[in-house]
Amino acid sequence: MEFLIRTATRQDAETINALFVQMLCAVCGQTEETGYPAGSLEAYFCGGEDRIFVAEQQGETIAYLALEVHHEEESFVYCDDFCVREDLRGQGIGSALLSEAEDYARRIGLDTMMLHVQKHNRAAIGFYVHRGFSVLSEEDSRLRMILHPGPKRAAERVARMEAHLDALQQAVREGKNWADPTSSLAQMLQELMDYYENGPWLEDFERDERGELPKNLKRGVLSEDAVYDLLCETDLEGSAVLYEDL
């Protein structure tokens, strides 16, 4: 089925609340729920790091995933409320939302994700295990599950950053302009810079030093000078300039 994933806005609040009630009824067996307290969703719409992603089909919101960003001893993204409309489950919507959440975590320089799931919800537990989560602890009737960046995930991240680096270097050679901050090139550059400055570059580098990454993995991006050299070839206006050709 066709649907799109996007960031929620205040206009989605009513539908998100209805899905939240549906989730409580299904998971907790509660039938007299009114949903979120008034104003409690506002934290997701005020420009901070917390986000709600929704799935939309033909203009209708059919699923959502609420994310809270925690900066504690170990920073992580917490998957809070997560619901796909009951009649549309099993069609890949939840997987798409979780993938968007993982991409968002990477964009803000985080890799660790956590969530809670009811112990009796075996289908949900199986879904999260399939997505790479593992049980961290038992907490009364719930399990706390965690997604840590293992070698496979690190290799996928290095491959993604390497592709960004290749594309940006090609843009420099071709003299392309990326002054528009909404362009794909500008977004690649920002993600690459975040990877070095705020993200897990050092962790990936150390994994490589320990021999944990595949030997055939292209890994030029792990050179600390890679993004520096790229920036040196890019003028302050955002236009790609290959200085060696001047």
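**Figure 1. The whole chain and its elements.** The chain contains 7 helices and 7 strands. The model shown here is predicted. Read from the N terminus, the elements follow the order β-α-β-β-β-α-β-α-β-β-α-α-α-α. Of the 246 residues in the chain, 43% are buried. The accessible surface amounts to about 13,300 Å², and carbon and sulfur atoms account for 49% of that surface. Among contacts between residues at least 6 apart in sequence, 61% join residues at least 24 apart.

Figure 2. The strands are arranged in the order 1-2-3-4-5-7-6, and their pairing is mixed. Which strands stand at the edges? Strand 1 (4-7) and strand 6 (134-139) do; each has a single partner strand, so one side of each is left without a neighbour in the sheet. From one strand to the next, the twist averages 25°.

**Figure 3. The pairing of strand 3 with strand 4.** Strand 3 covers residues 60-70 and is antiparallel to strand 4, with 7 bridges between the two. Within strand 4, C79 is the residue that stands opposite L67.

**Figure 4. Residue Q58 in a loop.** The loop between strand 2 and strand 3 holds Q58. Is Q58 buried or exposed? Its relative accessibility is 82%, so Q58 counts as exposed. Q58 and L4 are 54 residues apart along the chain, and their C-alpha atoms are separated by 9.1 Å.

**Figure 5. Helix 2 and residue E102.** Helix 2 lies across strand 1, strand 2 (51-57), strand 3, strand 4, strand 5 and strand 7. The angle between helix 2 and strand 3 is about 35°. E102 belongs to helix 2. With a relative accessible area of 9%, E102 is buried, because residues under 20% are classed that way. Which residues is E102 in contact with, leaving aside its neighbours within four places in sequence? They are M113, R131, L147 and R153.

Figure 6. Helix 3 spans residues 122-130, and its buried residues are A124, I125 and Y128. Seen down the axis of helix 3, these buried residues fall within an arc of 100°, so they line one face of the helix. The face turned away from the buried side carries R122, A123 and H130, which are exposed. What covers the buried residues of helix 3? The cover includes strand 4 (76-84), helix 2 (93-107), strand 5 (113-118) and strand 7 (142-147). Just after helix 3 comes G132, with a positive phi of about 105°.

**Figure 7. The length and cover of helix 5.** Helix 5 is made of 14 residues, 184-197. At 1.5 Å a residue, helix 5 should span 20 Å, and its end C-alpha atoms are 20 Å apart, which agrees. The buried residues of helix 5 are L185, A186, L189, E191, L192, D194, Y195 and Y196. Among the elements that cover them are helix 2, helix 4 (151-174), helix 6 (201-209) and helix 7 (226-232). Helix 2 is also part of the cover over the buried residues of helix 3.

Note on methods. Residues are numbered from 1 along each chain as its sequence is written. This is a predicted model: local features need pLDDT of at least 70, side-chain atom pairs count only at pLDDT 80 or more; totals for chains, interfaces and linings use all residues. Side-chain values use heavy atoms; hydrogens and water are left out. Buried means under 20% relative accessible area, exposed over 50%, partly exposed in between (1.4 Å probe, protein chains only). Helices (H or I, at least four residues) and strands (E, at least two) are DSSP runs, numbered from the N terminus. The arc is that of the directions from the helix axis to the C-beta atoms. Contact means heavy atoms within 4.5 Å. Two strands pair if DSSP finds at least two bridges between them. Axes are lines fitted to C-alpha atoms, for helices over the stretch in contact, and angles run from 0 to 180 degrees between N-to-C directions. The expected span of a helix is 1.5 Å times one less than its number of residues. Accessible areas come from the Shrake-Rupley method with a 1.4 Å probe; for residues, only the protein chains shown count as cover.
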